[in-house]
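Thanks for asking me to look this one over. My notes follow as numbered points, with the cut-offs given where each term comes up.

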Amino acid sequence: HKDPSLTLSNFVTVNNVQQPAALSATFKNCIIWGENGLVEDEVVTAKNNSAGFTAIFEGVLWKVAATPANVTTTGFTTTANPQFDSIDVSEKYYDFRIATKQSPAVNNGSPTSIALDLDGKSRTFGVKPDLGCFERQH
């Protein structure tokens, strides 16, 4: 891919005119990582000073050269490779489960009200939940 995975802005374009629009976003226990892409920063921000801009990342594993402007980070934050199970870009096969117990995503999340991962498994298998949408169970 050639574009960031996530772009945050506090403006909208209406009839080809940018207008301020307040933004408040929280990302918790996320992995934002583009595999084999041309993008150095998978998260970028664009702030309009005429409107509110709040972006909080709590427990995040992301592919960025530096923390994006205008965001707040709390909890565990790293740019280390998440060690996904199987990614084969040429075959368009993407398994975003965590491959090893040594992944920086394992047990580095914060508790949430989300009880199950996308496989229907408990999010509280370890000491803390894993980052990402799948909880490593073994």
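1. Gln83 is partly exposed, with a relative accessible area of 29%; here buried means under 20%, exposed over 50%, and partly exposed in between, with a 1.4 Å probe and protein chains only. Gln83 belongs to the loop between strand E7 (72–78) and E8. The phi of Gln83 is near 60 degrees, a positive value in a residue other than glycine. Strands (E, at least two residues) and helices (H or I, at least four) are DSSP runs, numbered from the N terminus.

2. Before going further, a word on provenance: this is a predicted model, in which local features need pLDDT of at least 70 and side-chain atom pairs count only at pLDDT 80 or more, while totals for chains, interfaces and linings use all residues. Residues are numbered from 1 along each chain as its sequence is written, and side-chain values use heavy atoms, with hydrogens and water left out.

3. Asn29 also deserves a look at its backbone: it has a positive phi of about 60 degrees although it is not a glycine. Asn29 lies in strand E4 and counts as buried, at 6% relative accessibility.

4. How many aromatic pairs does the structure hold? There are four, where rings of Phe, Tyr and Trp (its six-membered ring) pair if their centres lie within 6.5 Å; planes under 30 degrees apart count as stacked, over 60 as edge-to-face and the rest as tilted. One of them joins Phe27 and Phe57, and it is stacked because the ring centres are 4.8 Å apart and the planes are at 10 degrees. Phe27 lies in strand E4 (residues 23–32) and Phe57 in strand E6 (residues 53–62), so this pair ties together parts that are 30 residues apart in sequence. Phe27 is buried at 19% relative accessible area, and Phe57 is buried at 0%. Together with Trp62, Phe27 and Phe57 form one aromatic cluster.

5. Another pair is Phe84 with Phe96: the centres are 5.0 Å apart and the planes at 80 degrees, so this pair is edge-to-face. It links distant parts of the chain, with Phe84 in strand E8 (residues 84–88) and Phe96 in strand E9 (residues 93–98), 12 residues apart. Phe84 is buried, with a relative accessible area of 13%, whereas Phe96 counts as partly exposed at 38%.

6. Tyr93 is in strand E9 and is partly exposed at 45% relative accessibility. Leaving aside residues up to four places away in sequence, Tyr93 touches Ser86, Ile87 and Asp88, contact meaning heavy atoms within 4.5 Å. The C-alpha atoms of Tyr93 and Gly120, 27 residues apart along the chain, are separated by 21 Å.

7. Finally, the overall picture. The protein has zero helices and nine strands, and its C-alpha trace spans about 50 × 35 × 25 Å along the principal axes. Of the 138 residues, 34% are buried. Among contacts with a separation of 6 or more, 50% come from residues 24 or more positions apart.
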